[in-house]
Protein chains: 2
Amino acid sequence: MSSVLDGLAVDPASDRAVFRQIADQLRSAMEDGRLREGDRLPSEAQLIDHYGVARMTVRSALQLLEAEGLTRAEHGRGVYVRKKPPVRRLASDRFARRHRKEGKAAFLAESEQAGAIPDVDLIQVNETTVPPEIGERLNHSGPVVVRSRRYSLDGTPVETATSYLPAEIAHGTPIADPNPGPGGIYARLEELGHTLERFTEEVTARMPTEAEARILAMAPGVPVFRLVRTAFDTDGRAVEVCDTIMSADAYVLNYELPAH
Amino acid sequence: MSSVLDGLAVDPASDRAVFRQIADQLRSAMEDGRLREGDRLPSEAQLIDHYGVARMTVRSALQLLEAEGLTRAEHGRGVYVRKKPPVRRLASDRFARRHRKEGKAAFLAESEQAGAIPDVDLIQVNETTVPPEIGERLNHSGPVVVRSRRYSLDGTPVETATSYLPAEIAHGTPIADPNPGPGGIYARLEELGHTLERFTEEVTARMPTEAEARILAMAPGVPVFRLVRTAFDTDGRAVEVCDTIMSADAYVLNYELPAH
DNA sequence: CAGTGGTCTAGACCACTGC
DNA sequence: CAGTGGTCTAGACCACTGT
């Protein structure tokens, strides 16, 4: 009976640790298609038999692959080649005013267009003192209205977002309500006289914190994007900062750069 | 004698695995400042003594922290709270023509401005058939000139880049030389009549492949950005695709979005 | 129930660091 | 040299899955 392990062996005398050699061989099998998305890897017991090593050695190899985001272990079932989730493409014009005309907030409008079922939950709105990092971007100190929420697609959480707006702008307005109404808070800002002129986005990537991994139900080996967007009105005033954490395997970010 | 472990204990009867509890406690110490950047964590032997557990248990805890990018183990020395490397900020106008006037390629010009010592090595230029993924973006099939190189700052590799240009544009020109001359290949493209109009950038993040981790000397627990930039000339023709892999902890990407 | 992965123990030998 | 982390063995018991 044929298996991806046929003919594979490790060299205990090699400089490269045995568990790394085992991981290398399984990784190669995934790279050249002997193992495909969704396939089950050989079980720990099979790897132990095949390579003649202790269980911890094969577990170290499997853990390495999991940390690289290549596999996913399912308790009681097996270890599988990870499937890539559907990807959300963020276009650079996604906050353009024309996309707000239909009365939908950005996330809902885009998702329905992509054929996925969007959901928003864990909505919280409150008023606090601005965190220093955000205050710098808002060029504002003192009270801010803070709106946080979690977005899901087809039941899978993909993104959390926290918006900060100066209280003097947002206090007592629909922006401070859990449901800000059609078009989202950007539509409300414009109604309040803050016509939006431009946005800046600052993108970083890192492994999720424990809290982020929990709230986004993240698999090991998947990083997050952190995207901090600042909205400026036509007076050049920063009127909102939105701090977003996104499961990186669910996103492609598209931008346009000028050449002049 | 006082230590970050003072008063800390684990509950073996808890639902949460002991090694996760140990990781939680060390993570908390890093979050609230009891352990700071560069500090040494308690040694494995100290953790074993303090918690009364086996070595594999404390190693599992430490490995979890390393995979989260929080710590770095140094053989024979100890486990340390990871220091954040200096960050390179990429501005959205970094390919604007005005930045090419001084005759420096983008990377060198920026780095010197930031006070770091840039280096470029592993330069390779050859001609091959265009990979499908790149061909789609170039809207071109057939031969391409491929330029790949590695960039370092202060001796630390931070980025690899591979440029693809249609051979009919680049063949036999300085673009196909290892050293393309002042201003880099974008200056050469414009001299050849391909005035650059705009760029698109597509940003993703994931854990590095084994090969990427090696060439960029990456620590465990640090993801990479993949940035695929396409350059268009004033005829709307895609004239270059640049595929870049960057150590994510060394970069912040800045972009501007229009509101209209 | 058998098979799977999750956790944990109690050792062993090794390689690297710094004194 | 003592102290550190890196690798590996050979078990144990548990929880989850599917038949």
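This is a predicted model: local features need pLDDT of at least 70, side-chain atom pairs count only at pLDDT 80 or more; totals for chains, interfaces and linings use all residues.
DNA strand C has 25 residues around it. Those that come nearest are Arg55(A), Val18(B), Ala54(B), Thr57(B) and His75(B). Sugar and phosphate make up 66% of the atoms of DNA strand C that come within 4 Å of the protein. By class, this surface has 9 nonpolar, 7 polar and 9 charged residues.

His75(A) places one 3.1 Å from a base nitrogen of DNA strand C. Phosphate oxygens are approached from chain B: the distance is 2.5 Å for a polar side-chain atom of Thr57(B) and 3.1 Å for one of Arg77(B). The elements giving two or more residues to this surface are α3 (55-67), β1 (71-74) and β2 (78-81) of chain A, with α1 (18-31) and α3 (55-67) of chain B.

## Surface near DNA strand D

DNA strand D is surrounded by 23 residues. The closest are Val18(A), Ala54(A), Thr57(A), His75(A) and Arg55(B). The surface divides into 8 nonpolar, 7 polar and 8 charged residues.

Chain A contacts phosphate here. A backbone N or O atom of Phe19(A) lies 3.2 Å from a phosphate oxygen of DNA strand D. Arg55(B) goes to a base instead: one of its polar side-chain atoms is 2.7 Å from a base nitrogen. Two or more residues each come from α1 (18-31) and α3 of chain A, and from α3, β1 (71-74) and β2 (78-81) of chain B.

An open sheet of 8 strands runs in the order β3(A)-β10(A)-β7(B)-β8(B)-β9(B)-β6(B)-β5(B)-β4(B). Its pairing is mixed. β3 (88-90) of chain A and β4 (118-129) of chain B stand at the edges. Each has a single partner strand, so one side of each is left without a neighbour in the sheet. Neighbouring strands are turned by 15 degrees against each other on average, direction ignored.

## The chain A end of the sheet

β3(A) and β10 (residues 251-258) of chain A run parallel, joined by 3 bridges. Within this pair, Arg89(A) stands opposite Val252(A). Helix α4 (residues 106-113) of chain A packs on the sheet and touches β3 and β10 of chain A. The helix direction makes about 125 degrees with that of β3(A).

How values were computed. Residues are numbered from 1 along each chain as its sequence is written. Chains are lettered from A and ligands numbered from 1 in the order in which they are written. Side-chain values use heavy atoms; hydrogens and water are left out. A residue is near a molecule or strand if one of its heavy atoms lies within 4 Å of it. A polar contact is a pair of N or O atoms within 3.5 Å; within protein, one must be able to donate a hydrogen and the other to accept it, and residues adjacent in sequence count only if both atoms are side-chain atoms. Helices (H or I, at least four residues) and strands (E, at least two) are DSSP runs, numbered from the N terminus. Ala, Val, Leu, Ile, Met, Phe, Trp, Tyr, Cys and Pro count as nonpolar, Asp, Glu, Lys and Arg as charged, and the others, Gly among them, as polar. Two strands pair if DSSP finds at least two bridges between them. Axes are lines fitted to C-alpha atoms, for helices over the stretch in contact, and angles run from 0 to 180 degrees between N-to-C directions. Contact means heavy atoms within 4.5 Å.
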